Every structure is written in C-alpha cells, then in structure tokens.
Amino acid sequence: MKKIAVILSGCGVCDGSEIHEAVLTLLHLSKNNAAYQCAAIDGEQTRVYNHKANAETGEKRNMLVESARIARGNIIDVTKIDPKDYDAVIFPGGQGAALNLCSFAREHENMNVRKEIETLILKFHEAKKPVGAICIAPVAVAKALSKFKVNVTIGNDAGVATCIRHWGAEHTNCKADEICYDPKNLVVTTPAYMLGKNIAEIEPGIEKLVKKICSL
C-alpha cells in the first residue's frame, strides 16, 4: 500500500490549513487505497484568527496541536517525515500555507520557505518522489524548487504568477477542476479555492491531483 505524507499548517482557512482541501485530500487518498500520515511544524502559528468575527485574536496557538484537529490526533512533527518511508508528500492550501510554511502572505516575491519545509521538499525531490500542492501552497514548492524550473499552478492570479516566475520557476494557468503536472520534477498542483467558489467546485481538481500522485 502506498503511504503519503500530508503536511498541515494549522486548522482554518485564515490562519492554518484550509479544512475542505485537507479533508478532500485525505478522502481521496483513502479512496485510492493509500495510507497517509499527517504532519505539521511544532511551533507557533504566525497569527490566530476568529473565523466567525473575521478578525485576528492576538492569541498564540501551536500548528501541530491545531492540525491535530483535522488529523483526529494522528499527527507527527514534520521533522519526523523521512522520504524513504513515504511514496509522496502533499501540501493542502489555506492561509497557513502562505503564513506558516513560508512567508508569502507578508513578503510576496521576497518570501522565504520555512527551513523545515524547504528541507522536506528538497529531500522528496532528490529522492524522485512526487510532491503535490493545493491552492496557495504551490508557492512554497515553486520557491524551494525554483532552481529546477519547476512548473506549478495557483490558478490564474497574475500577481502570484509573476512572483513565481521572478524566482525562476514556471506557472501554468489552470481552472479549479484542473491540475498542472510537471513530469520532470514530479510535481502536481491544483488551484482549489484560489478559483473554486465552493467545496463542489474544488473537489474534482483535488481528486485528480491525488489520483495522479498515486499513479506516480
């Protein structure tokens, strides 16, 4: 049975992993008879958001603890993920991917990928194992693998695409239900909520991404 690492960044679209994207990823992995292991950084989120009030709270929350909500408690520190134990890695989106896994949300083209995440992406790439990224998460993959001219999609946002190209990576416009596959780098991406308006619109793209990852 294939085993896939799924990297979360908290719990909630405004400060962590987008829950619909994360759950659909896990659902389609199970439907494709793949086992999965969720993981997250054991560290504070960049911000904590009240999703009801649509405002920052000023609280401090731990990414690993918050991500455990989605993983039903079955989660490990991201530094424990070793590519030799897995067939692929997938990064769901949400603002946490742009705030906690990298600094894109605040620094845009000048952003950096968090060291633990950059190291993980590079190790999977070096091992020639697939990397999947959803919604805004492809910016972290694009930056980490920019010297390999990786090709990704975040949909059709011209500003984000310009940043990706600025790093030396490539961007392909896609619809919400489409995927971008880079066969040279074994990277699969889909826009999800960068374009989709509801869970039904993002589900086909995530399904295709998971199926492609499992086929590789």
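# Exercises on a predicted protein chain

In the protein chain, 54% of the 216 residues are buried. The model is predicted.

**Exercise 1. Decide whether cysteine 38 and cysteine 214 are buried or exposed.**

Step 1. A residue is buried when its relative accessible area is under 20%, and exposed when that area is over 50%.

Step 2. Cysteine 38 has 1% relative accessibility, so this residue counts as buried.

Step 3. Cysteine 214 has 8% relative accessibility, and therefore also counts as buried.

**Exercise 2. Compare the radius of gyration of the protein chain with that of a compact globule.**

Step 1. For 216 residues, a compact globule would have a radius of gyration near 17 Å.

Step 2. The value for the protein chain is 15 Å, which agrees.

Step 3. As for extent, the C-alpha trace spans about 45 × 40 × 35 Å along its principal axes.

**Exercise 3. Describe the place and surroundings of valine 152.**

Step 1. The protein chain has 8 helices and 11 strands. Valine 152 lies in strand S8, which covers residues 151–152.

Step 2. The relative accessible area of valine 152 is 0%, so valine 152 is buried.

Step 3. Leaving out residues up to four places away in sequence, valine 152 touches several residues, among them Pro138, Ala142, Ile164, Cys180 and Val187. Glu170, His171, Thr172 and Thr189 are also touched by valine 152.

Step 4. Isoleucine 76 is 76 residues from valine 152 in sequence, and their C-alpha atoms are 27 Å apart in space.

**Exercise 4. State what the surface and the charges of the protein chain look like in numbers.**

Step 1. The accessible surface comes to about 9,500 Å², and 47% of it belongs to carbon and sulfur atoms.

Step 2. There are 27 positive and 25 negative charges, and their mean positions are 3 Å apart.

Methods:
Residues are numbered from 1 along each chain as its sequence is written. This is a predicted model: local features need pLDDT of at least 70, side-chain atom pairs count only at pLDDT 80 or more; totals for chains, interfaces and linings use all residues. Side-chain values use heavy atoms; hydrogens and water are left out. Buried means under 20% relative accessible area, exposed over 50%, partly exposed in between (1.4 Å probe, protein chains only). Helices (H or I, at least four residues) and strands (E, at least two) are DSSP runs, numbered from the N terminus. The radius of gyration is taken over C-alpha atoms; the globule rule is 2.2 Å times the number of residues to the power 0.38. Accessible areas come from the Shrake-Rupley method with a 1.4 Å probe; for residues, only the protein chains shown count as cover. Lys and Arg count as positive and Asp and Glu as negative; His and the chain ends are not counted. The place of a charge is taken as NZ of Lys, CZ of Arg, CG of Asp or CD of Glu. Contact means heavy atoms within 4.5 Å.
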